[in-house]
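Hi,

Here is the structure I promised to pass on. Have a look at it first, and then read my notes below.

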Amino acid sequence: MHVELFIPCFIDQLFPQTAFNMVQILERAGCEVSYNTQQTCCGQPAYNAGFMEECAVVAGKFIKEFSGENYVVVPGGSCTGFVRNYYSKIFGGTDLEQQVIMKAPLFYEFTSFLTEILGIEDTGATLKGKAVYHDACGALRECGIKSAPRILLNKVRGLELIETEDAERCCGFGGTFSVKYEPVSMAMGEQKVLNAIKAGAQYIISTDLSCLMHLEGYIRHHQLFIQTLHIADVLISGAENSILREKL
Amino acid sequence: MLKTRKQIFIEQSREKFSDAEHRRKINHSLLQSDIAFRKGIPQFSDLQSAKKTANHIKRTTIENLDIYLLRFEKHFTQNGGKVIWAATAQEALDAVAGICKEVNARLVVKSKSMVTEEIHLNPFLFSRGIEVVETDLGEYIQQLAGEPPYHLVAPSMHKSKEEVADLFHKKLGAPEGLAPEALTQFARKILREKYVQADIGITGVNFLLADIGGVALTENEGNGRLSTSFPKVHIAVTGIEKILPSVRDLALFWPLLATHGSGQQITVYNSIFTGPRKSGEKDGPERMYVILLDNGRTRLLADPKARESLYCIRCGACLNVCPVFRNIGGHTYNSTYGGPVGSVITPHLKEMKEYGHLSQASSLCGACTEVCPVGIPLHQLLLHNRQLAVKHAARTEKFAWKLWAMACSHRRVLNLAGGHTKNRVAALLFANAWGKNRKLPRFAPESFNQLWKKQR
């Protein structure tokens, strides 16, 4: 299967390795992966700040960069949800409306693409330890992703997944919110991290690096013994001689 | 220089961030709400379609608000009541003052009402020498403490039982360290006297019923009933959005409100008042008034998107699930209506320029939208407010977004500098705003884009 990539701007700039890990898993699963090197950002930051004109400029460029013939796989639910659910609002009644109607439903968050489209539940990964899974708001509420990451993580050898009462509670990142309302954002992040530690977790795993980057910032500042991991980084770990590979 | 509302908001948020005791109490209280809510939900065999139906009813009603309000007025007047239309808070206050003067009122008992908080009725009556007593226990506690309600339906949820005992001891001379049951009995004794002595009972309204000209009131303590049956005059104050087409709609809205408000299947007392006492009836007030308050609501109505916030039935569920509310508490909003719905409506009820920051102070997690029993897309309405607020944005912010759009329109701009330079720029720009309690993330030496081009 041919798939196109959308690498969100901050992953492009800050976490390229995670994006490559995702690519590797997709390729091992038999996908032919292509990436339009002109892509930048989906426009969500401006939209969330209320700057519609600036958003439309960037989003208008963005949507044209996809063929509309293949699935688009994204390492994150937030940007996926934005393209899927908000592009039709931005471009309703414009020249781009048809393109949006055709292309937006092709965008898939990585874990839901693995389980729902490729039918993969086990990537053959191994990671020893206890983890909490953080339901990123974009993945959970914009894309309706709840079971896909848990199905995949439950198959990771050595990994014990702990469900906490606050799994679905926002981590407090929220884009520009995290700098405009730093004390609120931090309070939310702090509770998230402390609850994970209290549950005995060594890892906080999520589909979205924006959440994890914010939590990681708190963890590093306070030198706590817990680590954040993107799910692509988990699903690749120790998977060199994986079942997945043998299967294909 | 005078601090802006936004600066005060951020300062108070910071205080709450480091207030471990506040965090403990709120987490405890919200956990209880959550447990109750989860227990209550199974009474709906299909919650989603219940919500959809409620949304449809409210949509139809708000889209035809004029028709339903007039219908209510007609029927309520036929029942012998009097409807007073108040365009502003002042008009509502004047109306209450007029009635108080007519009956020479010295004492008013009140059941829980947010809209009377909105118009600041209590201080207004006090200034006219009229004693006002809140009879909802939570509101009574708040009145004793001299604080506004902390939460739409749980006004004193931020107070521990020890704090309440202490308050009763200091303000009412109750013995020290009373347990909650004893405190309730203590308050009850005082309040019973007040009901009998009061000249006027003032209540809020949960639902106005257009077809029968009725006022539906939901409560758990019986104080609403007592406030409306002893005094000779009953005044119900309500926002114009509280209307439902028919008494039959309560079959859906009563359980929806109960479950989302307090996790109950149905609240303990549900009363419908259809005007004053009629000849041959044994009890009820001699006169009954309904004050229909606009006070900015027609501004919401005029905005086709923001209008949806008028569906709100004030259940408070969006506050209970809001992670911002959980962390900053109810008072930091400094507005009558806190939490997500408050952040949506307050900038419209008041001024966008003064209260627009409330719509910005959200991570847009969407938990509010998910829980709302009448399907208000709350987080999308916060976004809508942000769009409206752009014209008030600082020039530097406007410039920054122009610059951002320019950079994101040209891939090569993003690839211009290396990770090292980007780290230095980010440190300059964000060290202060991001980094007091967090380390900044590090830019990779080369972006995915650059690495892909090299490797493929």
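A quick word on naming before anything else: helices (H or I, at least four residues) and strands (E, at least two) are DSSP runs, numbered from the N terminus. Keep in mind that this is a predicted model, where local features need pLDDT of at least 70, side-chain atom pairs count only at pLDDT 80 or more, and totals for chains, interfaces and linings use all residues. Residues are numbered from 1 along each chain as its sequence is written, chains are lettered from A and ligands numbered from 1 in the order in which they are written, and side-chain values use heavy atoms, with hydrogens and water left out.

Let's start with helix H12 (residues 250-262) of chain B. Its 13 residues should span 18 Å at 1.5 Å a residue, and the end C-alpha atoms are 17 Å apart, which agrees (the expected span is 1.5 Å times one less than the number of residues). Of those 13 residues, 11 are buried, so H12(B) is largely enclosed by the rest of the structure. Buried here means under 20% relative accessible area, exposed means over 50%, and partly exposed is in between (1.4 Å probe, protein chains only). Among the buried ones are Trp254(B), Pro255(B) and His260(B). Just after H12(B) comes Gly263(B), with a positive phi of about 80°.

Over in chain A, helix H4 (residues 52-64) also has 13 residues and reaches 18 Å from its first C-alpha to its last, close to the 18 Å expected. Its buried residues include Glu54(A), Val58(A) and Lys61(A). What do they pack against? In chain A it is H3, helix H5 (77-91), helix H6 (97-103) and strand S4 (107-109), and from chain B it is helix H20 (395-409).

Take a closer look at H4(A) with H5(A). They pack at an angle of about 115°, with their axes 11 Å apart (axes are lines fitted to C-alpha atoms, for helices over the stretch in contact, and angles run from 0 to 180 degrees between N-to-C directions). Residues of H4(A) including Cys55(A), Ala59(A) and Phe62(A) meet a set in H5(A) that includes Phe82(A), Tyr87(A) and Phe91(A), where contact means heavy atoms within 4.5 Å.

Pro45(A) sits in helix H3 (residues 44-49) of chain A. Pro45(A) is partly exposed, at 29% relative accessible area. Leaving aside neighbours within four places in sequence, Pro45(A) contacts Trp401(B) and Trp404(B).

Now the cysteines. A disulfide is a covalent bond between the sulfur atoms of two cysteines. The rule used here asks for a pair of cysteine sulfur atoms within 2.5 Å, and the count over all chains comes to 0. Cys322(B) is buried at 11%, and Cys368(B) is buried at 6%.

His22(B) lies in helix H2 (residues 20-40) and is buried at 7% relative accessibility; its contacts beyond four places in sequence include Lys16(B) and Tyr150(B). Ser309(B) is in the loop between helix H13 (297-302) and helix H14 (317-321), buried at 2%, and touches Leu300(B) and Val344(B), among others.

Cheers
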